[in-house]
Amino acid sequence: MIIGVLGPKGTYSEKAAEQWIEKNGREGEDILEYCADIQDVFSLLEDKKCEIGVVPLENSIEGSVGITLDRLLENDVNIIGETIVTIEHCLLSRGKKEEIKVILSHPQGLGQCRQFLKNHFPAAELRTTGSTSHAAKLATEFEEMAAIASPETAEMYNLNIVMPNIQDRKHNHTRFVIITRSNIPESVQKYIKKDKQGSSYKTSIIVYLDRDRPGALYAILGEFAKTNINLTRIESRPSKKVLGDYVFYIDFEGNINDTIIKDAISNIESNVGMLKILGSYPEFDSYCESN
Ligand SMILES: O=C(O)C(=O)Cc1ccccc1
């Protein structure tokens, strides 16, 4: 199976892919296809050049990854899994701390180390890259450059760990989602069917209200409350139509095949402008326990 991840070698997205495949029981040979950025993972999937993509969705320090949310709405994709990766950022360089003038990373990496950067490198130029390992690769070129990336990339790209553990909070976790095309490829089916006796499932949807009116969101949430469906996340994102107009990303416990969930969704659907079901998949915690 071909899996689209952020590249080059050494990204957290690659770690997430390995982690997910390992937990699901490897099915023969998998090939990782390294993409320049998150949009390219979605394009690769759409162009049928991979069967699965692994993209970051949210981080415990920096919050949502906007481009992933946007593409989940606009592309014809299905979420089939999630995995949570522990993030441990280091400052990597060929040079010494005093020499560093430019610091590179994925926007998430820079954001998760914002306070550190302000305290230790107030005059440094900050540059964004498509991924943390892309930053590491670029930092091999000049001693005055440094990258924020994982400790493993230091070894891969022959860089020194100038400062370890530089993120603003000790606990740093990113949730990645495993995506495929809505018309799920044959090779991906076996990963889904094998799931997961005894696992708790989670479902992700996107809702657009169409017109702002009193109690509209309350009515949607009421459908979940009424039948005791537990919401695990709700997030708004601009609809990009006009200022103050939003789409809502909602995650809740349960499987779309359960009657109770089906009924709630159909009640919501009849009261909103648009409802997109992204998919039902085993919740990360529960499938850790059951494996
Ligand atoms: O750039 C990477 O390695 C990614 O996978 C994206 C990312 C960046 C920083 C923290 C978590 C995920």
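Which residues does Ile277 touch, not counting residues up to four places away in sequence? In this predicted model, the answer is Ser204, Ile205, Ile256 and Ile265, with contact taken as heavy atoms within 4.5 Å. Ile277 sits in strand β15; strands here are DSSP runs of E of at least two residues, helices are runs of H or I of at least four, and both are numbered from the N terminus. With a relative accessible area of 37%, Ile277 counts as partly exposed (buried is under 20%, exposed over 50% and partly exposed in between, using a 1.4 Å probe and protein chains only). Ala36 is 241 residues away from Ile277 in sequence and 28 Å away in space, C-alpha to C-alpha.

A word on conventions. Residues are numbered from 1 along each chain as its sequence is written, and side-chain values use heavy atoms, with hydrogens and water left out. As the model is predicted, local features need pLDDT of at least 70 and side-chain atom pairs count only at pLDDT 80 or more, while totals for chains, interfaces and linings use all residues.

Now for the inside. The largest nonpolar core holds 23 residues, and Ile38, Phe42, Val55, Leu72, Ile79, Val177 and Ile179 touch the most other members. Such a core is a set of buried Ala, Val, Leu, Ile, Met, Phe, Trp, Tyr and Cys residues joined through side-chain atoms within 4.5 Å. Elements giving two or more residues to this core include α2 (38-46), β3 (52-59), β11 (173-181) and β15 (274-282). Helix α2 provides the largest share, five residues. Domain 1 (2-86 + 172-194) and domain 3 (201-290) both contribute, so this core lies between them; the domain bounds come from an automatic or database assignment. Apart from this core lies another, of 18 residues, among them Ile21, Leu32, Ile52 and Val85.

On to the ligand. Of the 14 residues around the ligand, Thr11, Tyr12, Ser13, Ser131 and Thr132 come nearest (a residue is near if one of its heavy atoms lies within 4 Å). Polar contacts are pairs of N or O atoms within 3.5 Å; within protein, one must be able to donate a hydrogen and the other to accept it, and residues adjacent in sequence count only if both atoms are side-chain atoms. A side-chain N or O atom of Thr132 is 2.6 Å from a ligand oxygen.
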